[in-house]
Amino acid sequence: QVQLDESGGGLVQAGGSLRLSCEASGRTFGRYAMGWFRQTPGKEREFVAAINWSGRDTYYADSVKGRFTISRDNSKNTVYLQMNSLKPEGTAVYYCTRGLSTQALGVTGYWGQGSQVTVSS
């Protein structure tokens with residue numbers, strides 16, 4: 001059973017920064033692509049960012065491109081999401097997940113517990 005443990009959410013003013021972390025249990029972290037999604041009440045979970053197993057390839061939603069950076073440290077079983085220039089519409093619960101590829105994130109059913117990010121205007 002894989003566990004994804006998130007941390008780093010909180011309250012920040014518009015224009016500020018936060019960094020989310022997601023640490024995975026087990027020994028297979030480096031074999032999987034990782035990603036971040038977010039969800040607001042009444043809406044479907046939406047893709048934010050993804051990174052392949054090696055960290056070489058990254059992908060972003062248009063809404064966060066240029067402001068968010070996804071990275072990973074396979075020696076620490078951890079994926080990060082650095083969020084800069086945050087906007088009020090970035091307020092959401094953020095979830096990390098894994099997949100056999102960046103196109104198959106979340107399919108295995110493993111998700112973090114969610115981190116609340118609130119951006120005040």
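Me: Buried means under 20% relative accessible area, exposed means over 50%, and partly exposed is in between (1.4 Å probe, protein chains only). By that scale, is arginine 56 buried or exposed?

Reply: Arginine 56 counts as exposed, because its relative accessibility is 69%. Before going on, note the ground rules. This is a predicted model, in which local features need pLDDT of at least 70 and side-chain atom pairs count only at pLDDT 80 or more, while totals for chains, interfaces and linings use all residues. Residues are numbered from 1 along each chain as its sequence is written, and side-chain values use heavy atoms, with hydrogens and water left out.

Me: How do I read a salt bridge, and how many are there?

Reply: Side chains of opposite charge can pair when their charged atoms come close. The cut-off is a side-chain nitrogen of Lys or Arg within 4 Å of a carboxyl oxygen of Asp or Glu. That rule gives three salt bridges. Arginine 56 joins aspartate 57 at 3.5 Å, N to O. Aspartate 57 is partly exposed at 26%. Aspartate 62 meets lysine 65 at 3.1 Å. Aspartate 62 is exposed, at 67%. Glutamate 46 and arginine 38 meet at 2.6 Å. Here glutamate 46 is partly exposed at 37%, whereas arginine 38 is buried at 8%.

Me: Now the strands. In what order do the four strands of the open sheet stand?

Reply: Definitions first. Helices (H or I, at least four residues) and strands (E, at least two) are DSSP runs, numbered from the N terminus. Two strands pair if DSSP finds at least two bridges between them. The order is E1-E3-E8-E7, with antiparallel pairing. E1 and E7 are the edge strands, each pairing on one side only. Neighbouring strands are turned by 15° against each other on average, direction ignored. For that angle, axes are lines fitted to C-alpha atoms (for helices, over the stretch in contact), and angles run from 0 to 180 degrees between N-to-C directions.

Me: How many bridges join E7 to E8?

Reply: Six, and the two strands run antiparallel. Serine 71 stands opposite tyrosine 80 in E8.

Me: Which residues of strand E1 lie on its covered face?

Reply: In a regular strand the side chains alternate between the two faces of the sheet. In E1 (residues 4-7), Leu4 and Glu6 form the covered face, and Asp5 and Ser7 the uncovered one.

Me: What about the nonpolar core? Which residues touch the most other members?

Reply: In soluble globular proteins, nonpolar side chains tend to be buried together. A nonpolar core is a set of buried Ala, Val, Leu, Ile, Met, Phe, Trp, Tyr and Cys residues joined through side-chain atoms within 4.5 Å. The largest core has 26 residues, and Trp36, Val48, Phe68, Val79, Leu81, Met83 and Tyr94 touch the most other members. E3 gives the largest share, four residues.

Me: Take one of these, valine 48. Is valine 48 buried or exposed?

Reply: Valine 48 is buried, because its relative accessible area is 1%. Its place is in strand E5. Contact means heavy atoms within 4.5 Å. Not counting residues up to four places away in sequence, valine 48 touches a set including Trp36, Phe68, Leu81 and Tyr94. Leucine 81, with the sequence neighbours within four places left aside, is in contact with residues including Leu18, Leu20, Trp36 and Ile70.

Me: Last, aromatic rings. How many pairs does the structure hold?

Reply: A pair of aromatic rings is described by the distance of the centres and the angle of the planes. Rings of Phe, Tyr and Trp (its six-membered ring) pair if their centres lie within 6.5 Å; planes under 30 degrees apart are stacked, over 60 edge-to-face, and the rest tilted. There are two pairs. Phenylalanine 37 and phenylalanine 47 have centres 5.7 Å apart and planes at 75°, so the pair is edge-to-face. Phenylalanine 37 lies in strand E4 and phenylalanine 47 in strand E5, so the pair ties together parts ten residues apart in sequence. The rings of phenylalanine 37 and tryptophan 111 are 5.3 Å apart at their centres with planes at 75°, so this pair is edge-to-face. Tryptophan 111 is in the loop between E9 and E10, so its pair with phenylalanine 37 links parts 74 residues apart in sequence. Phe37, Phe47 and Trp111 form one aromatic cluster.
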